[in-house]
Amino acid sequence: MKHYLSRTSGALITFQVLLACAKTQQTGQDLHKPGVWVDRHAEFISSLQIPAAAWVHAIGEPAEDAAKRPAPRTRVIDDGEFGGVPVGSFGTGSFTRTYRGDFFRWHLRVGHHLAKSIPSCLFACRVQADGEATTVTALTAVPAGNGREMIPPGARRLPPGGDGGTYHALFPRAWWTYRPHALAAEPRILLSQKQISPVVPESFTTDGMWEVSQPVGVWEFTAENPASSSPSESNASAQVSLLFAWADLLAEGIWPDAPAGSVVSSCQDAEDGSVTAVISTIRAEEHPGDASDDWHGSFAITAKPGPGLGITCRSGLRADETAGWDDFAADGILGNARRRENEARGGGNGAAIAVDLNLRPGERRAVAFALAWDFPVIKFGATRSSRALWLKRHTRYYGQSGNSAVRIAAEALKRYQDWDRTISAWQSGVLDEGEADASATQDRQSDSCTAEAASPSGEVHEAAQPRDPAYTRPHWYKRALFNELYYLVDGGTLWGQPMGSNAGRQHFALLECFDYKYYNTLDVHYYGSWPLVLLWPSLEKLIVEDYADAVLQEDLSLQYIMVLRKQAPRTLQGAAVHDVGSPHAAPFSRLNGFAFLDPNVWRDLNCKFVLMAYRLHVVAEAGGEDKRLLRRVWPAVHAALHYLKELDLNGDGLPEHHPEGSDQTYDHWGMRGDTSAYCGSLWLAALQAAVAMGRSIESDAEADEFERWLAVATKSFEAILWTGVYYKFDASGRKPVSDAIMADGLAGIWHETARPPGVSP
């Protein structure tokens, strides 16, 4: 069954599957009896209502055949197979708790990547029942010896091979369901853990999308002490304690520029009975003015108070000492003697919160922890001369002192259940499609949503009874629709403004990837921007407006173009940018950080900018009724199309390809000649969009001009590329390249026709 789970990580998890999975855990004679722990665990997991489409993997089990994956030809970031749903929101910086249970992928420094398992950031569970031995378990399957640890070498951990439970992921939530025998040799409690980040669509947000700017994550445990009617089992109460510890991350190298001994930890009591562990930099703690560097700020861990919950705190924890673990293991309560502020310095200022509770037979309780971080400043630039400081979006609500982590965490515990319900409501519109016929759907699934069927002879006929696509959408596809949104949090996301700039002008940007560190790479954002358009259109509007501003800018400073082996101007007026800069320099000030090719000669960027602007207007501006965006970007649209038209040297209406290097997003596929299917179709679509834009804002003279260009270009495109069967790759006449069919060749036409249901052109 362990292998079954790994190979079918996308399987529909039914009660029967859960029951079969639970049966693999049987230890001890009582567990072989019907209706004891096997059934209890399956029923417990079923009651959690984890979406069936969630990605599923055994906790700690290595991915199948991970060691056999091919080595890349060039050096790239490869963190291995262990990953998970990131924690955080847009532009907050983020980190990831993996399906092993460890905290691993660190993007708290916006624009920077660090893959490092930090053992002293951890959850742990202590279980004690009347007349039974106490068991303390670190809720991680990472073996000992993986860095400085507060866990003693012989302490109990989750099994590394996948027998400790199951991980479920459906962004922005994740679940760990722990198997009873992994928490105690003689099972006593049922335990699960849910992770929630406040990522909800814009239509569900308040006050300028407050929710999706919050630097916070919440973990809600559900613990149950099941009652038994069996005379062979005792119905004893169980004492359960849960620990959340957080390391001194400056000592762990998350901010390498921070000086040693820059952290102080403390415990703070609140009137509502809550206790918060606070880890602050000296700058934020001792100098209450505004933060001025990216490591100035604070972390706060807190737990939601409730009847019968004891909350204790300990500060001054060292990553290489077991005192904190020993304190928790002794009685599940962190020693009060260390609850006051601890001024110890020098790499040993972690902190922890513990919650202890007594579970009567048959009782189920929830325990929620929140972790918030308030680091207001983003620092860009690899050198002092290129340094640029920005303020994150959340400073709009909390200021820029760096001391607001306690407030943010407390607010999260008040609201996380609303966030959880909102996420469920949002996702149910997709996840519930076809569930009435789910079993039949899974049987007939072929991963095809077409309404056509091929006969044995190969002749294509229309299907007699086209199926509703909702009933043929497989779970892997539903899962991908949500889990692939992870990058909006994890992708080095920037949301904020330059320090000292006009407070009203915000920017939003994503890295193309951490191997290719350029913000808002236009040629691929064209493809990847649909989630923003449909779910967070105000953020896409910031991006499109920045593209428009860049078209009208010029920077004649020279940069070396690697492929051409010569220098070229950084940006030319009228040319859409490849990107808005790199975290190594000053984003939005030093445009076109990409220097592999010359972006000023690319044939696709200008067209893609026009198409993205028009799409956003149609989809997001009340179906096209609101014309503010069009008026805002129209000068840039006009300039971009005129710039590209100048590259039509033979008057056929189609911009010719550049004779040197590649001049479009497929930068290793040189397109040559008068035009290509790819760039030509983008040009036609952009002209068609510009005509509609011009008519909409009554710029009829310009619209008439673009319409004339469109008529000539369309005729030439058909004459040059259409074979009678398909459109050729390009018009260069090179054999066999020119006669090939490119799968993405009609990208422009696709973009013009791809719209959400109910949206008219």
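Reader: How far apart are the end C-alpha atoms of helix α17?

Author: This is a predicted model, and in it the ends of α17, residues 677–696, are 28 Å apart by C-alpha atoms. That agrees with what you'd expect, because 20 residues at 1.5 Å a residue should span 28 Å.

Reader: And how many residues of α17 are buried?

Author: 16 of the 20, so α17 is largely enclosed by the rest of the structure.

Reader: What comes after α17 with a positive phi?

Author: Glu698 follows α17, and its phi is positive, near 65°.

Reader: How many of the α15 residues are buried?

Author: 15 of the 16, so α15 too is largely enclosed by the rest of the structure.

Reader: Which residue just after α15 takes a positive phi?

Author: That's Ala622, with a phi of about 50°.

Reader: Zooming out, how many helices and strands are there in the protein?

Author: The protein has 19 helices and 27 strands. Of its 761 residues, 56% are buried.

Reader: What about contacts between residues at least 6 apart in sequence?

Author: 70% of those join residues at least 24 apart.

Reader: Last one: how much accessible surface does the protein have?

Author: About 30200 Å², with carbon and sulfur atoms accounting for 51% of that surface.

Conventions. Residues are numbered from 1 along each chain as its sequence is written. This is a predicted model: local features need pLDDT of at least 70, side-chain atom pairs count only at pLDDT 80 or more; totals for chains, interfaces and linings use all residues. Side-chain values use heavy atoms; hydrogens and water are left out. Helices (H or I, at least four residues) and strands (E, at least two) are DSSP runs, numbered from the N terminus. The expected span of a helix is 1.5 Å times one less than its number of residues. Buried means under 20% relative accessible area, exposed over 50%, partly exposed in between (1.4 Å probe, protein chains only). Contact means heavy atoms within 4.5 Å. Accessible areas come from the Shrake-Rupley method with a 1.4 Å probe; for residues, only the protein chains shown count as cover.
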